[in-house]
Amino acid sequence: MKQVPVFKPLLEDEEKQAAQDCLELGWLGMGSFVADFERRLSEYLGLTDRRLVCVNTGHSALHLAMVVADLGAGDEVITPSFNCVSDFQAILQVGAVPVLCDARDDNLTIDVDAAEALVTPRSKAVVIMDYGNGLCDYEKVQAFADRHGLRVIHDAAHSMGCRHKGKMIGSFSDLTMLSFDPVKTVTCLDGGALVVRSEAELARLYELRILGMGQPPSVMYQNKRAWTFHVNDIGFRYHMINMHAAIGLAQLGKIDKISRTRRETCRYYMERFAGLPDLRFPLIDLENITPFIFYVRVPGEVRDEFRTFLLDQGVDTGVHWMPGHSFGILKNCRRDDLTVTRKAAREIVSLPLHSCMAPEARERVADAVVGFFDRARGTTPGSASLRRAG
Ligand SMILES: *Cc1c(COP(=O)(O)O)cnc(C)c1O
């Protein structure tokens, strides 16, 4: 039986046509498609007092966020242990030190009160991440950051296309990072973006992303390059290429379909799973959400069994994520007791969620999940470990 995969990209005629157009243009590096993608993305996000720069990965965007925030050796960056490896590595890459705080039990985003307790005079920034289909408490985060003079780096890799109080995610934070990697809601095959507040930061990013070269976008965006330029700063090879931007443009063109169908599948899951006593999932209003991951929480003692059962029914699952404090490279980082994180890390399971997901696929997922709990409760013969687990 072919497994229902956790992720599945929506690639249709538009993406194939975009790739062909780009190959026929023959300018494969940064050029006019990148200009168009940045413009369309800025419009979609409704940027008014923010500017964005596209780069080759979301990780590069996070690293550049650390650089433009002037973080470096001796600086502490507070972030949930419940975060992506990419965020920890970006902090470490500039020589700063992650300080790990706990997450909120209701949606596994940053527990700002826990973060507050970890502040020292060396604290310089806080990295927050929206998770699955849940958003951070941005007002509380910003008030916390203002109290302590911290930069806020907002990892919005999961919340592309979401809205908060009428504003698109990406349009209001201090620094926002987006990812368009192979599995994200909107993919460029690979890609990322960083949204910043000032023209000075924008100008700096235009150089940092292309080896520190004063290679003006106004030239490159015409599919040309300058042959003389200055290099005044350490830079990185992080620019986005035309092919990736072309795919991204095709994807942005169908963002409404992507968003609507992902929401529909989440609502379907929520209906099917209502009333299962040993299964938790965030009960949120999806009206303003473009969901990236649909995760559930099962009792830690049965998670392996649950995942194996689903696999046997042809349903693959994932775990997002292993918490930061479990990694050797972060073993010496200061942290709080991480009570919620430790528990959640043993319970979370990501179920398959695709744009335009086939009805048979999502039914198979829901049947398998419901079937596991029916079986465990003795409705059908089989495992009794859930009862054992109490
Ligand atoms: C995907 C992801 C990243 C990294 O983005 P890439 O484009 O894969 O480099 C960072 N943070 C979160 C939360 C992610 O989901």
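Where is the place of lysine 165?

1. **Lysine 165.** Lysine 165 sits in the loop between strand E6 (163–164) and strand E7 (167–168). Helices and strands here are DSSP runs, numbered from the N terminus: helices are H or I with at least four residues, strands are E with at least two. The phi of lysine 165 is positive, about 45 degrees, although the residue is not a glycine. Its relative accessible area is 67%, so lysine 165 is exposed. The classes are buried, under 20% relative accessible area; exposed, over 50%; and partly exposed, in between (1.4 Å probe, protein chains only).

2. **Basis of the model.** This is a predicted model, in which local features need pLDDT of at least 70, side-chain atom pairs count only at pLDDT 80 or more, and totals for chains, interfaces and linings use all residues. Residues are numbered from 1 along each chain as its sequence is written, and side-chain values use heavy atoms, with hydrogens and water left out.

3. **Overall build.** The chain has 14 helices and 11 strands. Its radius of gyration is 22 Å; a compact globule of 390 residues would have one near 21 Å, so the two agree. That radius is taken over C-alpha atoms, and the globule rule is 2.2 Å times the number of residues to the power 0.38. Along the principal axes, the C-alpha atoms fill a box of roughly 75 × 55 × 35 Å.

4. Of the 390 residues in the chain, 59% are buried. Take the contacts with a separation of 6 or more: 72% of them join residues 24 or more positions apart. Contact means heavy atoms within 4.5 Å.

5. **Surface and charge.** The chain exposes about 16100 Å², and carbon and sulfur atoms supply 53% of it. These areas come from the Shrake-Rupley method with a 1.4 Å probe; for residues, only the protein chains shown count as cover. The chain has 46 positive and 50 negative charges, and their mean positions are 2 Å apart. Lys and Arg count as positive, Asp and Glu as negative; His and the chain ends are not counted. Each charge is placed at NZ of Lys, CZ of Arg, CG of Asp or CD of Glu.

6. **Two domains.** The chain divides into domain 1 (13–252) and domain 2 (255–389). The bounds come from an automatic or database domain assignment. The C-alpha centres of the two domains lie 28 Å apart. Across the divide, 40 residues of domain 1 are in contact with 37 residues of domain 2.

7. **Serine 123.** Serine 123 belongs to strand E4 (residues 123–129). It is buried, because its relative accessible area is 5%. Not counting residues up to four places away in sequence, serine 123 touches Glu76, Ile78, Leu118 and Leu150. Aspartate 75 is 48 residues away in sequence, yet its C-alpha is 6.1 Å from that of serine 123.

8. **Arginine 204.** Helix H7 (residues 199–208) holds arginine 204. This arginine counts as partly exposed, at 29% relative accessibility. Leaving aside neighbours within four places in sequence, arginine 204 is in contact with Val67, Val68, Asp70 and Asp233.

9. **Backbone points to check.** The peptide bond from histidine 320 to tryptophan 321 is cis, with omega near 5 degrees. Tryptophan 321 lies in the loop between helix H11 (303–312) and helix H12 (339–347). Leucine 189 has a positive phi, near 80 degrees. Leucine 189 is in the loop between strand E8 (175–179) and strand E9 (192–196).
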